[in-house]
Amino acid sequence: MRSRCIWTPCKVLTPLSFKPSSFFTFSFSKQLLLPDKSVAAISSTRRGISSYPSLMASSPSLKDAVSTQQPLQVAKRLEKFKTTIFTQMSSLAIKHGAINLGQGFPNFDGPEFVKEAAIQAIKDGKNQYARGYGVPDFSSAIAERFKKDTGLVVDPEKEITVTSGCTEAIAATMLGLINPGDEVILFAPFYDSYEATLSMAGAKIKCITLRPPDFAVPIDELKSAITQDTRAVLINTPHNPTGKMFSREELSTIASLCIENDVLVFNDEVYDKLAFEMDHISMASLPGMYERTVTLNSLGKTFSLTGWKIGWAIAPPHLTWGVRQAHSFLTFATSTPMQWAAAVALRAPESYYVELKRDYMAKKEILVEGLEAVGFKVFPSSGTYFVVVDHTPFGLENDIAFCEYLIKEVGVVAIPTSVFYLNPEDGKNLVRFTFCKDEGTLRAAVDRMKEKLKRK
């Protein structure tokens, strides 16, 4: 006889109430389903629920449940990482009705001609697995765009790998080309995915810190850092979170050091079309660098379609081999109809990119002028859709405390930058705002800060 499952009513547990001391753990709490309607959440940290005696006392059955609850499990290489700061801050924005100038996704939609191309591809039946390393037409469009931007001619069949967003391109590059124990140099602050992916690859991370006000590369420190033991340098230009763009002089120095020491370069340039103060320079275009560079990019930032997760890696065949090997066992293939639409997007006329830059420069002006009027010290942003500010004029002890106050008391979300450093102390005075929002949202956020945020 087939056994029957008997379901009893249960309540979904919600995270424990937010406290400053638990800023990085509250949204990483594990939800618990209890048939007796007890409500609680078990933190993933070693503090555990026993650290909350009032909650334990109010729910005896919860105490019994906790004693039998299996501990959260994670591989040692990922133990230090919690729920991403972007997930945490977006959750807080919803909870407090705050205007989200934290996570870098637009609150407006991408262009109609690209969306229509995706719809047409679906209607045309282009819905099964794509070729693992990319739809041929999309790979050709990437090669065409790369030639326009850099002057470099690449073989779309042998040197381009389509991935599920640039984050997967980063992961495939790290996992496909980095061996356990290899040394990789990062520039802090850095996109949080870099450290996590390198940890999965077993790399040894060496960090060079870029410091305000201009976040210039400390050349002497870099020269000391790059040695015969260095496998790769990871560059992000235009740079998230600071908005810095690496100058030709900085890139040329890095290139010379990499050639001298036989070092690879992984160049994340997802914001290449959001360069405001100077022209973007692709590392692969510098003399002698294409053969040792993996160029990483995506569709989402340029076309305001971040949810499509369409990315790519461009590299010479001997490096593409490793990237594709890892990609084959990460996602294997990327959304087929979206690739067909992405090919249409990359063939957009140059006027699209001119208008995109003009629109973002207007948004940037609204936010930067507003932040300065509120009393922040705003650091120059030459690219991306981010600006970094010094929050210390408002008297909070660090970036985490400030962002908590800003959300709960002012109703605006920013990102604490300390999460982008190996040493959080380096970023405790800085927070990041994004201006990839419509002008009404930006003005509303500025108005809230002018009204409720006071210098101390």
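In helix α14, the buried residues are Asp 399, Ile 400, Ala 401, Phe 402, Cys 403, Glu 404, Leu 406, Ile 407 and Val 410. These buried residues make up 9 of the 12 in α14 (residues 399-410), so the helix is largely enclosed by the rest of the structure. The cover over them includes two helices, α3 (85-96) and α15 (439-452). Strands β15 (412-413), β16 (415-416) and β17 (430-434) also contribute to it.

The model is predicted. Mean pLDDT for the protein is 88, and 85% of residues reach 70 or more.

The largest nonpolar core holds 131 residues. Within this core, Phe 376 and Phe 433 touch the most other members. Helix α13 (residues 350-374) supplies the largest share, with 9 residues. In soluble globular proteins, nonpolar side chains tend to be buried together.

Val 374 also belongs to helix α13. Its relative accessible area is 9%, below the 20% limit, so Val 374 counts as buried. Beyond its neighbours within four places in sequence, Val 374 contacts Phe 394, Val 446, Met 449, Lys 450, Leu 453 and Arg 455. Arg 455 is 81 residues away from Val 374 in sequence. In space, the C-alpha atoms of Val 374 and Arg 455 are 8.5 Å apart.

Leu 175, Met 200 and Leu 330 form a nonpolar surface patch of about 240 Å². Leu 175 sits in helix α6 (residues 165-177). With a relative accessibility of 35%, Leu 175 is classed as partly exposed.

Most residues other than glycine have a negative phi, and most peptide bonds are trans. The bond joining Ala 188 and Pro 189 is cis, with omega about 0°. Pro 189 lies in the loop between β7 (183-188) and α7 (192-201). A cis peptide bond also runs from Thr 237 to Pro 238, where omega is near -5°. Pro 238 is placed in the loop between β9 (230-236) and α9 (248-261).

Positive phi values occur at Ser 304, about 55°, and at Thr 384, near 70°. Ser 304 occupies the loop between α10 (300-303) and β12 (311-314). Ser 304 is buried, at 8% relative accessibility. Thr 384 is in the loop between β13 (377-378) and β14 (386-390). Thr 384 is buried too, with a relative accessible area of 0%.

Definitions and conventions: Residues numbered from 1 in each chain as written. Predicted model: local features only at pLDDT ≥ 70, side-chain atom pairs only at ≥ 80, totals over all residues. Heavy atoms only, no water. pLDDT = per-residue confidence, 0-100. Core = buried A, V, L, I, M, F, W, Y, C linked by side-chain atoms within 4.5 Å. Buried < 20%, exposed > 50% of the residue type's maximum accessible area, 1.4 Å probe, protein only. Helix = DSSP H or I, 4+ residues; strand = E, 2+ residues; numbered from the N terminus. Patch = residues over 30% accessible without salt bridge, like charges linked within 9 Å, V, L, I, M, F, W, Y side chains within 5 Å. Areas by Shrake-Rupley, 256 points an atom, 1.4 Å probe, with all protein chains shown as cover. Salt bridge = Lys/Arg side-chain N within 4 Å of Asp/Glu carboxyl O. Contact = heavy atoms within 4.5 Å.
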